[in-house]
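Dear colleague,

Please find the structure below, handed over for your files.

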Amino acid sequence: MGVEITFTDKQFPVSPIFIDFLYRYFREQSFDTTWHDQLSEALVGMAGEVLDTANAHAGEVMQDPEGQRVIYRSYELLTAFLTGVPDQLRNFHERYRFICIVGVPRHGGSYLTKQLFRALGMEAETVPNVIAHDGFPDASPFDFARGYNAYTNMMQNMAEYLAMVEVYFSNSRLFGNLVIVPKKATKAAYHGAFFDKALGPNTEYIITLRHPVTACISTYEKSGGLPAGGRFAVRGNIEEWVRRDNIYTGTPDAEVPRREYFDVYLNYWEHYHYNLILTGLRQRSNWQIAVYGKERMEALAQSFYTRFRSKQQAEEFKVFDKRDRHPNWMSRAEPAIRRVRDVWRTAGVEFPMEQIMEAW
């Protein structure tokens, strides 16, 4: 008995962010490059503009021979992921070394990603968000709804990202016969084994860690301040991820906005770090931990410049002391931090408790 299953782009439509990238890249138009500005507390929302560009120019991109070629390449890679054809990934595994910065948002990852690009001789201010930052490829706790499967969506996003990498880094300088591709990959924690297999054995992971109290403060500042009454509210992408992950770990959706902001955030922070160590990202030894702090971050950034023989110096890492703002949160955070430490130990990884407790 033979069964033939056929999928078309109706089941797997090209993502708007991919269309937007191809349209801007091949027409040498400007990209959204705001990812590296982490001092501004303004929320940045470009999804509407990306969707407008995609809707306006999708037909034009798909009729363009170069656009067709890259889109076809993404579908070729998606098929490889869906059906298990690792040979299709050999070019990426032999040509590229991805350096992924993985950690909760507001943990210093954008700074390190920017310094990596600068150390490689690339102007970080010109690198598109989709290439550098953590919104894409999308990975999340599993969900399944009409027209949506979180796993296949992640696979298609990864296929499109890799197709974009081939285009964007096509003329890049080689280091040790490999093209170095920096990527802030917050979402890799959710499906570490997939990212590890997709990006290959040359990939390096830099894991950013920070105390949950100061990270929470930084998060609500980025989102417009602590909500009235101290209850949780969603005003941007990070808070939406926090809300989603709380629901995934058992908090009823209607209860999330009734809970204290810090309790919701701490639950997200704790379970993110379980995912980070338990979903397969730790399969390889090329892991490096970076704990938030001025001297530590600047020293790691400077090591990039030394490694890639850049004459530039690492930029200053801005740190603001907020440890006294919520003293009651500090004691509430410690049990969760200790639980994370204990789970990491079961995986053979020492959680840097002493440095974390500095609470920068």
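Which residues lie nearest the centre of the largest cavity? They are Phe136, Pro137, Lys183, Ala185 and Phe195, from a lining of 14 residues.

Before going further, please note that this is a predicted model, in which local features need pLDDT of at least 70 and side-chain atom pairs count only at pLDDT 80 or more, while totals for chains, interfaces and linings use all residues. Residues are numbered from 1 along each chain as its sequence is written, and side-chain values use heavy atoms, with hydrogens and water left out.

Cavity and pocket

On a 1 Å grid over the protein atoms alone, a cavity is a set of points where a 1.4 Å probe fits but cannot get out; a pocket is an open set with protein on both sides within 12 Å along at least five of seven lines, and lining residues have an atom within 4 Å of a point. Grid points are joined across faces, edges and corners, and a volume is the space filled by probe spheres set on the points. One cavity of 30 Å³ or more is counted, and the largest cavity has a volume of about 60 Å³. H7, E5 and helix H8 (192-199) each supply at least two residues of its lining; helices (H or I, at least four residues) and strands (E, at least two) are DSSP runs, numbered from the N terminus. By class, this lining holds nine nonpolar, one polar and four charged residues (Ala, Val, Leu, Ile, Met, Phe, Trp, Tyr, Cys and Pro count as nonpolar, Asp, Glu, Lys and Arg as charged, and the others, Gly among them, as polar).

Pro137, named above, is placed in the loop between helix H6 (129-132) and strand E2 (144-145), and the peptide bond from Phe136 to Pro137 is cis, with omega near 0 degrees.

The second largest pocket holds about 190 Å³ of space. Its lining divides into five nonpolar, three polar and one charged residue, including Phe7, Asp9, Tyr75 and Thr83.

Backbone

Glu28 has a positive phi of about 55 degrees although it is not a glycine. Glu28 sits in the loop between helix H1 (16-26) and helix H2 (47-63) and is exposed, with a relative accessible area of 76% (buried means under 20%, exposed over 50%, partly exposed in between, with a 1.4 Å probe and protein chains only). Asn177, in the loop between strand E4 (174-175) and strand E5 (178-184), has phi near 65 degrees and is likewise exposed, at 66% relative accessibility.

Salt bridges

A search of the whole structure finds 30 salt bridges, each a side-chain nitrogen of Lys or Arg within 4 Å of a carboxyl oxygen of Asp or Glu. In one of them, Glu204 meets Arg97 at 3.6 Å, N to O. Glu204 lies in strand E6 (residues 204-209) and Arg97 in strand E1 (residues 96-102), so the pair ties together parts that are 107 residues apart in sequence. Glu204 is buried, at 15% relative accessibility. Lys294 and Glu316 meet at 3.1 Å, N to O. Lys294 lies in helix H12 (residues 294-307) and Glu316 in the loop between H12 and helix H13 (327-346), so this pair ties together parts 22 residues apart in sequence. Salt bridges that share partners also join Lys114, Arg118, Glu125 and Glu315 into one network.
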